[in-house]
Amino acid sequence: MLRNLYALGFVVVLCLAVGLKEPRFFQPMSIESVLLWMPLITVVAMGQLLVIATGGIDISVGSLLGFCGIAVGLVLKSDPHLPVVFAFAYGAGFGIALGFINAALIAWARVSPLIVTIGTLAAFRGLAFMVSKGDQIDSSMVPDSLTSLANHGIKIAGVNLSWLLVIALVISLVTALVLRYTAFGRNVYAFGSNPAAARLRGIPGKAITFWVYVISGALAGLAGTMYAARFGFVNPLSAGQNFELTVIAAVAIGGAKLTGGTGSVLGVLLGCLLLSCINVALSVLGIDSNWQMLAYGVVILVAIVIDGIVQRRRAA
Amino acid sequence: MKRLPLVPLVLLVIAVFVAARYVPHFFDARYLLDTSTLYIEVGLLALGSTLVIVTGNIDLSVGSNLVLSACLTAMLMRSGYGTFAAVTFSCVVGTVLGAINGLMVAKLRLPSFLVTLGTMAAYRGAAQAAMGAKSIALPDGFKGIDQSLVFGVPWPLVIFLAIAVVSGVLLHRTVFGRWAFALGTNESASQYSGLPNDWTKIAVFAYTGLMAGIGALLMDSRLAVARHDLARGIELDAITVAVVGGAAITGGKGSILGTAIALFLLMTVRTAMGVANVKAEYQLTAIGALLVVTVLASEFRRKSAADE
Amino acid sequence: MRTRNIALYLSIAAIAAACGPAPEAGGGAANTIVFIPKSTGNPYFKRVDTGFENASKDLGFSFDSQAPATADATSQLSVIKDQVQRGVAAIVISANSPDALNQALDQARDKGVVVATVDSDLTGNESHRDFGVLPTDFSQIGPSQLELLAKSINYEGDFAILSATSDAPNQNAWIAGMKEEMKDAKYAKMHLVAVVYGDDEPQKSSTEAEGLLTKYPSLRGIISPTSVGLAAAAQVLENAGVYPGGPNTKGPGVVLTGLSTPNQMKKAVDKGVVASFQLWDPADMGEIAAYLAMQVKDKKLTLKPGDEIDVPGHGKVKVGENNVIFAGPLVTFDKDNIGNYDF
């Protein structure tokens, strides 16, 4: 909890610093920009949180998102009047199918998760090109009912909370409840912090491992549909490209140790919020495009290093 | 080095024969040697990555390190310094950038994945900030190392093989190598036995940095220009090669010979598919599948060996 | 353990035995033109492919499109080497880097392969290729984009440019053209407040477009001369509802224009988010490049600046400085004509 306070503090300090330099950062338009940057990352990060809490990792999520975005786009192209709920169901369904491949190789064939998902990162991207035949899903193929999820929502104090954000928050809430109140959730942490001990206590490690990758796939697939809603088009190359590193950064900044056993939904949400604020701030401050990547890298490093020092102090 | 890295070796042999048999224009020594120069930087980074992975760590920043070293070296040469200065400078810059990762991992006890995820952005970002959107041309005397041959073999390939031998000795025949394996197998055990874990960590990251510095020189010379956006995604290639060669991400396992063989496997498969005119999307899928299959086969072989 | 190893070595030997001599290197690719786009999955280059395919039927060559999987600066290097090894007659490339490919292209030309560029030239390194076919007269693109915007905001107000990457030669040439044209007295009341870069990534382009709306409340227009930027900006304006006549528009609204293929913008035009935008037909570049490459290959033609060449279906085309040829005219798409195009 203290850690989350610290992370929140970092976000607040960052925002205040940016706001001091450019007061428009606190205008509704800019806040909406921050809140629109978050949902996709958040949804995928929830799956990644489960995976990382078991001590695994899923590098393939970016390509998985891209593939599912394309696949949902093709479904919508053939049936433009498909209800939105089905578009999400298809996205999650394709995601489960691909997540199953990861899960089977990792849980049953016991190949290292990093390797499996580096492999499927390439393979799923290739599949996205194959099913799309290299064609982009143009905006005319994405129905308004879907894109309206990005520009409609709940208005609070002049700021529009898009339906995409609402979906992301609901998924986060469900993840938090599952982690806290179900046997599955407790087993994820127990298995992640000490697999051998967990096995002795009769926790089904193989099943846990299997399901977290399936869930990660499902959520990344869902995010594929959300991608179509957010941007109105899906390109087989750029959809979800390099997404995995952003998501993992968000989860790690949120306090989840990559060795497993830790990580909270609130922390990850703060991690997503932090990355979102940095990216929007870089643009609102008008930082020279040649300096943006350095600034981004340095802010992340500072967050990681301070966190490391704080945690060591507390442990000592 | 008790056991040969059989799986990648067998796959390499199969790949070479299948390509030679079924792909026209593939089996041409001059062409193969020439194409090999495209993979040397990946190979060098994979050698470094093997050491890092053996200690149970990972370095995602190698590509960005390589690009930053390449850009800074090009800037140095533009301001009039000669080849000798450039070579020294690039090696030092690469090593220092690598050691910075090592210091943060060892002294601040931060996970290497996270540290190098940060420096991956920071190093490439620094290259972009230093160079802006422009590219810098290298002086004529420095260009074209990939076109100069020793006994018909391009220099970069010779350099790679030499460094592979040095790395092999370092990892498999020295005390330092034993420390690295001990650290990766069981960190607390090696701590209790009084091994210098911190220094081992810093040293493997610095060594990987040195590989990036050398790779930077080869890339500068090969492309004749330096620019901040070169060698993107090379870190995943390097890690892939190390792992296909038998390095285990969990630490404690890995072999330089395996890494070298895996590099030639990747080279053969990519080149064969390229000259067979296979579309990029099929190449991507095939390479991804190859990675999984190799590791799956190694795992299977290891397990059945353990059962016997 | 040992038996398993023996089995493995035997299987290797079996495969080795199965191998006869290497297959004959037939001249199958000698009449082939290969086009190397920047990357796969780009609708713009699909249309260039169409141009080549049309030409291949008329001119009787076989055509291949071989894109690298990513648009990195050096991802085209291995594609070039592999195609040279296949023995293709001509390589036409849309270069990802203006200088990193020089040596590979020189190698290709040494082996007698015709090398040409399409859409993206080797700016500053033109001597490493035979000729370059570029979209349309570069000196026109900046001014006509500016005029397109100016007309719809009555030559008055602040505007910004949303570009691709800060080092994209074409983008920079066009932006320079706009800045030059701004000196004209009729644009005296217009101010270019910012040039921002979305790196042709949907997420970054959207964030930059939103940043513009935040920073410049009095913004009247955005020009995005890249299709990813234009599509992202259109979505941002639609989300914010601040396009002319949009639900949240206070005052006249933000006018958006730029360059894109018509299919990518159909919906935005239908909804009125974007009134008009421009492009040339990328297929023209493919057709012209194919014809010229075949002529150069057959030694029927040597290009030099100042020539006028009769290209079937395209009339006389002019060879400019550095053997640059400009393809088809700039087309303005709007509600009335967009339905006539499909690419």
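Q: What makes β11 (residues 308-311) and β12 (residues 315-318) of chain C a pair, and in which sense do they run?
A: In this predicted model, β11(C) and β12(C) are joined by 4 bridges in the antiparallel sense; since two strands pair if there are at least two bridges between them, the 4 bridges found here meet the criterion. Within this pair, Glu308(C) stands opposite Lys318(C) of β12(C).

Q: How many residues lie between β11(C) and β12(C) in their hairpin, and what is the phi of Gly313(C)?
A: The hairpin has 3 residues between its two strands, and Gly313(C), which sits in the turn, has a positive phi of about 85°.

Q: What is the strand order of the open sheet of 6 strands in chain C, and what is its pairing?
A: The order is β2-β1-β3-β4-β5-β13 (chain C), and the pairing is parallel. Because β2 (62-65) and β13 (324-326) of chain C each have a single partner strand, one side of each is left without a neighbour in the sheet, and they therefore stand at the edges. Neighbouring strands of this sheet are turned against each other by 20° on average, with direction ignored.

Q: How do you know that β13(C) pairs with β5 (residues 131-134) of chain C?
A: The two strands run parallel and are joined by 3 bridges, where at least two are needed for a pair. One can follow the pairing to individual residues, with Ile325(C) in β13(C) as the bridge partner of Val133(C).

Q: Which strands does helix α2 (residues 43-59) of chain C lie across, and at what angle does α2(C) run to β2(C)?
A: Helix α2(C) lies across β1 (32-36), β2 and β4 (114-118) of chain C, and runs at about 170° to β2(C).

Q: Why are β7 and β9 (255-258) of chain C called edge strands?
A: They belong to an open sheet of 4 strands, in the order β7-β6-β8-β9 (chain C) with parallel pairing, and each of the two pairs on one side only. The twist in this sheet averages 20° from one strand to the next.

Q: What makes β8 (residues 219-224) of chain C a partner of β9(C)?
A: These strands pair in the parallel sense over 4 bridges, against a requirement of at least two, and Gly221(C) has Val255(C) in β9(C) as its bridge partner. Helix α5 (residues 138-152) of chain C packs on this sheet, touching β6 (157-163), β7, β8 and β9 of chain C, and its direction makes about 160° with that of β9(C).

Q: How many residues does each side give to the contact of chain C with chain B?
A: Chain C gives 34 residues and chain B gives 38, each counted through C-beta atoms within 7 Å. On the side of chain C, α1 (2-18), α3 (75-86) and α4 (102-110) each supply at least two residues, and α3(C) gives the most, with 7 residues. That side of chain C divides into 16 nonpolar, 11 polar and 7 charged residues.

Q: What does chain A bring to its contact with chain B?
A: Here 39 residues of chain A are in contact with 39 residues of chain B. The elements of chain A that give two or more residues are α5 (113-132), α11 and α13, and the side of chain A divides into 28 nonpolar, 7 polar and 4 charged residues.

Q: How does the reach of helix α13 (residues 289-315) of chain A compare with the expected value?
A: Its 27 residues reach 40 Å from first C-alpha to last, which is close to the 39 Å expected at 1.5 Å a residue. Its buried residues include Met293(A), Leu294(A), Val299(A) and Ile300(A), and a residue is called buried if 20 or more other C-beta atoms lie within 10 Å of its own. What covers the buried residues of α13(A) includes α6 (112-131) of chain B and β7 (190-197) of chain C.

Q: What is the predictor's confidence in chain C and in the complex?
A: Chain C averages a pLDDT of 90, with 92% of the residues scoring at least 70. Over residues 17-22 of chain C, however, the pLDDT is below 50, and this stretch has 5 contacts in the model beyond near neighbours in sequence. For the complex, the predictor gives an ipTM of 0.90 and a pTM of 0.91.

Terms used
Residues numbered from 1 in each chain as written. Chains lettered and ligands numbered in written order. Predicted model: local features only at pLDDT ≥ 70, side-chain atom pairs only at ≥ 80, totals over all residues. Expected span 1.5 Å × (residues − 1). Buried ≥ 20, exposed ≤ 12 C-beta atoms within 10 Å, placed from the backbone. Contact = placed C-beta atoms within 7 Å. Nonpolar A, V, L, I, M, F, W, Y, C, P; charged D, E, K, R; others polar. pLDDT = per-residue confidence, 0-100. Axes fitted to C-alpha atoms, helices over the stretch in contact; angles between N-to-C directions.
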